[in-house]
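Hi everyone, thanks for coming. I'd like to walk you through a structure today, so let me put it up on the screen.

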Protein chains: 4
Amino acid sequence: MNFASDNTYGAHPAVMAALADCNDGAVMGYGADPVTARAEAAIRDALEAPRAVVRFVATGTAANALVCGQLAPRYGRIYCHRDAHIETSECGAPEFFTGGAKLVTLPGEHGKLQPEALTDAMWRGAADGLNGGRNGLISITNASEWGTVYTPDEVSALARVAHDAGLPLHMDGARFANAVAALGCSAADVTWRAGVDALCFGGTKNGAMGAEAVVFFNPDLAEEFDYRRKQSGHVFSKQRFLAAQMLALVENGLWLELAGHANGLAARLAEGVAAAGGSLLAPVQSNAVFATIPPEAHARAKQAGAIYYLWPDKSAEGLDPVPIRLVTACDTSEADVEALIAVLAG
Amino acid sequence: MNFASDNTYGAHPAVMAALADCNDGAVMGYGADPVTARAEAAIRDALEAPRAVVRFVATGTAANALVCGQLAPRYGRIYCHRDAHIETSECGAPEFFTGGAKLVTLPGEHGKLQPEALTDAMWRGAADGLNGGRNGLISITNASEWGTVYTPDEVSALARVAHDAGLPLHMDGARFANAVAALGCSAADVTWRAGVDALCFGGTKNGAMGAEAVVFFNPDLAEEFDYRRKQSGHVFSKQRFLAAQMLALVENGLWLELAGHANGLAARLAEGVAAAGGSLLAPVQSNAVFATIPPEAHARAKQAGAIYYLWPDKSAEGLDPVPIRLVTACDTSEADVEALIAVLAG
Amino acid sequence: MNFASDNTYGAHPAVMAALADCNDGAVMGYGADPVTARAEAAIRDALEAPRAVVRFVATGTAANALVCGQLAPRYGRIYCHRDAHIETSECGAPEFFTGGAKLVTLPGEHGKLQPEALTDAMWRGAADGLNGGRNGLISITNASEWGTVYTPDEVSALARVAHDAGLPLHMDGARFANAVAALGCSAADVTWRAGVDALCFGGTKNGAMGAEAVVFFNPDLAEEFDYRRKQSGHVFSKQRFLAAQMLALVENGLWLELAGHANGLAARLAEGVAAAGGSLLAPVQSNAVFATIPPEAHARAKQAGAIYYLWPDKSAEGLDPVPIRLVTACDTSEADVEALIAVLAG
Amino acid sequence: MNFASDNTYGAHPAVMAALADCNDGAVMGYGADPVTARAEAAIRDALEAPRAVVRFVATGTAANALVCGQLAPRYGRIYCHRDAHIETSECGAPEFFTGGAKLVTLPGEHGKLQPEALTDAMWRGAADGLNGGRNGLISITNASEWGTVYTPDEVSALARVAHDAGLPLHMDGARFANAVAALGCSAADVTWRAGVDALCFGGTKNGAMGAEAVVFFNPDLAEEFDYRRKQSGHVFSKQRFLAAQMLALVENGLWLELAGHANGLAARLAEGVAAAGGSLLAPVQSNAVFATIPPEAHARAKQAGAIYYLWPDKSAEGLDPVPIRLVTACDTSEADVEALIAVLAG
């Protein structure tokens, strides 16, 4: 009963099989291999974006920070939600990769940026000439850090704010599969058709061993990106092993199947939490449940060996009710979910 | 009637005279000259800090950002007030000089950090392991960006929070003279005796042409600082001309005399604002008045050619009452102050 | 017959098996898992360095650049051979990770730094005060970029030069296994016993999919290294998959067995090159042969489908004799080697 | 008899007068003042470049490094002479301001880059794909670090190499006035007409207190430069005091008069060195003499109190003959020159 993170599970069998498959004979390194070409094409197909530039890296932090470095200047302001992963969980990687940009964080219900608040903040940022630096980039996370999902219309509204100011829009899609599975739309609808310029398409939280795709929908925005990837140590000599992971997930729709599985179990957990007298802190729209539960339910769960984090303060034992985060993943079993629900119910 | 900034005036006659004085004959460059040695000694004397390391630069942004780069790591969190100059007005210089540190901004009445809020924020910053980077530096501004002044006790309380966490405390003293003049204490009392580790001792806003001193009270904290200054282009070959400016201000107490003059005029302006039906937005403790005034008073002042900024939004014409900032400087004349007061009164 | 690089082959079966083995059930992420602990211990054992700090990353460039950033200041000078990988093949990664250090490159026969030339260069670098920055780090590659190997005595001599100046010594060990296998000494003898402070212990060129260990022999030198790794996007959430690769190679001596295999085949190739009328450009001491061969031999080899690079200029067709580089790897077959030798012989 | 550097003298009386002149009344800060506008116009006139963007900073290192950061990417290669100031004397400022670019240094007789050697090096740099980074910028110094001068034709030849590769050409003109005075051509002929894209037009070594102009001949290349200047702490609030210095030098041709004076004295020193049995190490074309002199002549000069550096190794006493550098400046007196000549002659 491990609901700590979608990082705690390993790699999906299909991913392992793909790694084994491509481990056969010598190929040219650094991406000049057929598996990389196929994986790039599969991503472009999944996004209906034939001109997109696709590159693979091993971690989500690398993907996000490389995009920030590519699209925002050293003296830029990057607008994001105050709970955004790039702000809270990347140890200053965006600042490092840009060489000094400033993250401007905004509140927003359930982890989502609001166009009005963004417009206001951007206006204030630009009001003082050189002093505050220049507005550089807008970054949103879909599915968000609170498990909620931006709809295509919501993305469009933010893209309009960004583009009206001449700024690009980045989507951190560490849980992009969960968002698309939840929305039931096409991946294109919630990305480039809605105005997203760069997408970090996550694999690691959805069954990969460690693989993410960076996608620039407009090839002009990808100019010289490979130098940045190389200079930061994120070009793999045996690149095929990154590509193969994404290929296994994307080629045949497995990514949406796995994400749908995790989403469904989170929805089921939400029911169980409610039945146990808990309350949701945010709508459950993807693979995470943020809720408060009665102390007794928490005590029973811990007693039974369930693993999950208190939230947002992992060390805040003793609260009543108890705020928790439950995350499901592609490998979470229905049995574990039902077991936890039963324990919570007491 | 120019109350726009303490940067709009030129250099004090004593500063000009000092520059002429030291322009005589050849000396070794890059600081190996007698004027630099005398100026360093004068600063150490003024601060009663015989072991302090003193270095001169030409701008306040350089001084602050160099200290941030010296004392906070690339992956550090620098805590400051949300209206701090290093956050709002340095175009990301602290981020650039550190190579990627993150400024964590906090609210605080009238521009001053509160120990409790700081403690809370530092605790949250450190709670999540590597994710958020490590706590790196505390920075306060004295006099603050709202014209208020930290007392020695208030500085001590913040220093205790910093030092308990193993962090240094930086004081941005662009208006340090105004703070000391207002407090009536010794410069030592409100700096190293209260726990300040590094001070940016401003000259430019107090009669210099362009000169600031960076002071490290503990020489160990200044290790290899000269390399940072050199690498950022802030070592002057004809260094004596920076040093002479600070020497002229500090050697004979001129710095406090000038600051006292500006402070006194600001206090007088505060009275005038009140008499004209205005309200102070912050206590007037140094050389700036933040207030709202009736639209008619504002109209009369503009009509009479008075120059000052609307605040904080310089372009927010049409508000009722009108929020304004009035700044006095060492060269502000009593006549101008009385003239403005008369105009405001109608 | 692919002798292009030791990166063109895939992963060794033992590595693949180790990945499968550790893909079982949920573990805590970011290195807090038992496989990581075992792999770190195995590296420490192999190096007879019980106090060493060991960390895993996925690429050699990341390993080297992170060490540079850890050990050299932003204003530092990093001394290395002019053909060093950190100079020629990392797209400025050391400069980026340090935030601006300068690589000072030196000649040296067959890819190896000479103590006298290093001493001279360090002296010149330090002679001009702040102007040239400060001496920061010495970096050597073992086995070198020309396939030669530093003996423990040679490493000691360079370490003495470094330590006398207060600088640390870094060993880029992308082909460390080949060096140790060639020397027949213990891994400790050619590293910490000889004065090496930080080692990049390569796995990728020796059968791993993509894994390198960064080793700091003195734990003090590793202080806060994890922040740097995180901030550059090189901390894997599913860290066990990096660790497992190194564990498979190191735990049971496989690393030396594989490297010995590659070294032996290179020695055999050297004989074949000589027999075909070629001349060695450097002694063949590890898994690479740098040589010139007659144009006819080159033509026959290309005709037969042999893959290798012209060297150092990959596009320099038409030279007589033809300068080439042949690299063997853990998966190179004796049959391929004998086939190439036969073709070269004509 | 101080021939150590053109930095050891102070400021020219005309510069001091200009500072006093502009210290009158309040003006808007940060460059929005009439003196700055006039000084920018004067520079554009002197260069016959009406569209040029002109900005002022206080040090030559700042000027050069800001241009490098503006024109070369983080992953770029900057080609310069191995004795270039940006390589030897700026403590890694170009690397810092670019965020990690690599300076590629080339030999070249008497301090001057040769087109063929540059072409070769650029070709090698680009030959290895991502590995070596991308070619980014060419930088030359005029007058050079060896006192020699590039003619318009020589600059054109290098510009052609740069532009054929799509790279901009930077001229470090710390001693630009000496070069133009020596050439007797127009300033335009040896800059933009010859293909220079960015010029650092020095004032400090030619009578300013501390002032340099950065000039971008093509305004597109200056885009967002002001943010870089601000973020590095090089925007002065009382900007007029930088501008006034350059204005005093440039407006009425004083810059060329002063440089001509210094050049003439250097030529006279060269005669004296020859008469004393010395030999020139480089042609004397501007305001520096690099020569060897007999030990007895050196001993007499030191005895007489003459100040100059041994070169290039300032501490290399005891050589025979003695390699020295003599620098003249705008304030060097004919009497001092003749006195040294007499002493050398014995």
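This is a predicted model: local features need pLDDT of at least 70, side-chain atom pairs count only at pLDDT 80 or more; totals for chains, interfaces and linings use all residues.

Helix 8 of chain D, residues 176-183, and helix 11 of chain D, residues 254-275, have axes that come within 8 Å and cross at roughly 80 degrees. So helix 8 of chain D runs roughly perpendicular to helix 11 of chain D. Who makes the contact? From helix 8 of chain D, we have Phe176(D), Ala177(D), Asn178(D), Val180(D), Ala181(D) and Ala182(D). Helix 11 of chain D brings in Trp255(D), Leu256(D), Ala259(D), Gly260(D), Ala262(D) and Asn263(D).

Staying in chain D, have a look at Leu280(D), in strand 8, residues 279-280. Leaving aside residues up to four places away in sequence, Leu280(D) touches Ala270(D), Val289(D), Phe290(D) and Ala291(D). Glu251(D), by contrast, is 29 residues from Leu280(D) in sequence and 35 Å from it in space, C-alpha to C-alpha.

Now, on to chains A and C. A rotation of 180 degrees, with 0.0 Å of shift along its axis, superposes chain C on chain A with an RMSD of 0.0 Å. That is the relation of a two-fold axis. Both copies use the same surface, as 100% of the contact residues of chain C recur in chain A. And which residue of chain C comes closest to the rotation axis? That would be Ser232(C), at 3.5 Å by its C-alpha.

Conventions:
Residues are numbered from 1 along each chain as its sequence is written. Chains are lettered from A and ligands numbered from 1 in the order in which they are written. Side-chain values use heavy atoms; hydrogens and water are left out. Helices (H or I, at least four residues) and strands (E, at least two) are DSSP runs, numbered from the N terminus. Contact means heavy atoms within 4.5 Å. Copies are superposed by least squares on the C-alpha atoms of residues with pLDDT of at least 70 in both. Axes are lines fitted to C-alpha atoms, for helices over the stretch in contact, and angles run from 0 to 180 degrees between N-to-C directions. Angles under 35 degrees count as roughly parallel, over 145 as roughly antiparallel, 65 to 115 as roughly perpendicular and the rest as oblique.
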